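Here is a protein model to look at with strand pairing in mind.

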Amino acid sequence: MLSMSFNRSRRSLLNTALVAVLAATFLSNAQAEEKKTKKKAEPKWTELFDGKNIKDWEFTNFGGEGEITVEDGSIVMEMGNPITGVHYKGKHKIPKMNYELTLEGMKASGEDFFCGLTFPVDDSCVSFICGGWAGGVVGISSIDGLDASENETTAFRNFKKNQWYKIRVRVTENRIQTWVDKDSIVDVNVKGRKLDVRPEVDLSKPLGICAFETKSKLRKIRVRSLTPEEIKGK
């Protein structure tokens, strides 16, 4: 009787161990498959600035612009009187719709916007302003003739000097979204709206970045097309 009881206990332990091994194997396989799926789904980014030179960018002739150099992997735009900027002239075709654009920007000195990012929206262009109107306004210029300081995209944020901020823009049909770091700033339906930039930054079209009376640094500028799932909003 003791022998039979011992054998039953041993078989029970073996069965438990086998179940544990099978469960661990299944979990490991599932995790590997999940990693493979995520890897396949990773977006393909196109780098627009290599961190070494600005051969794909041109100085924007606003008049009164400051010096522009490349230092430590960043585009450095010295303070202008009033505007300094660059616009993209490289070989890569910039999408007009269903795309995402990101960069990192820093306010080195000055008290106004360190990043006026002009980008295409179908056949129009707008600018995402970060730190305008004495340093705190963020929003889109312009919608129906109203600037970032006076339309429904107007928001306020404190930007510290000498700190990098990740700036992200997403354009889909009838919709513009923007983020600063992980914070959603703009999510606006632009169907039937009049979109344009302020006359002062017209030379930034279709893709350009400028700063107003502020020394600015830019890096990690890149763009990608959205996946079908992202376009559908899934």
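Q: What makes strand S6 and S15 count as paired in this predicted model?
A: Two strands pair if DSSP finds at least two bridges between them. Strand S6, residues 99–110, is joined to S15 by 10 bridges, so the pair meets the cut-off of at least two bridges. The two strands run antiparallel, and one place to look is Lys 107, which stands opposite Ser 216 in S15.

Q: How do you know that strand S1 and strand S15 are paired?
A: Strand S1 covers residues 46–47 and strand S15 covers residues 214–225, and they are linked in the antiparallel sense over two bridges. The cut-off is at least two bridges, and therefore this link counts as a pairing. Within it, Thr 46 stands opposite Val 223 in S15.

Q: Why is strand S4 called a partner of S15?
A: Strand S4, residues 74–77, has three bridges to S15 in the antiparallel sense, and because at least two are needed, the pair qualifies. Met 77 has Ser 216 of S15 as its bridge partner.

Q: What makes strand S2 and strand S10 edge strands?
A: They belong to an open sheet of seven strands with antiparallel pairing, in the order S2-S5-S14-S7-S8-S9-S10. Strand S2 (57–59) and strand S10 (155–156) each pair on one side only.

Key. Residues are numbered from 1 along each chain as its sequence is written. This is a predicted model: local features need pLDDT of at least 70, side-chain atom pairs count only at pLDDT 80 or more; totals for chains, interfaces and linings use all residues. Side-chain values use heavy atoms; hydrogens and water are left out. Helices (H or I, at least four residues) and strands (E, at least two) are DSSP runs, numbered from the N terminus.
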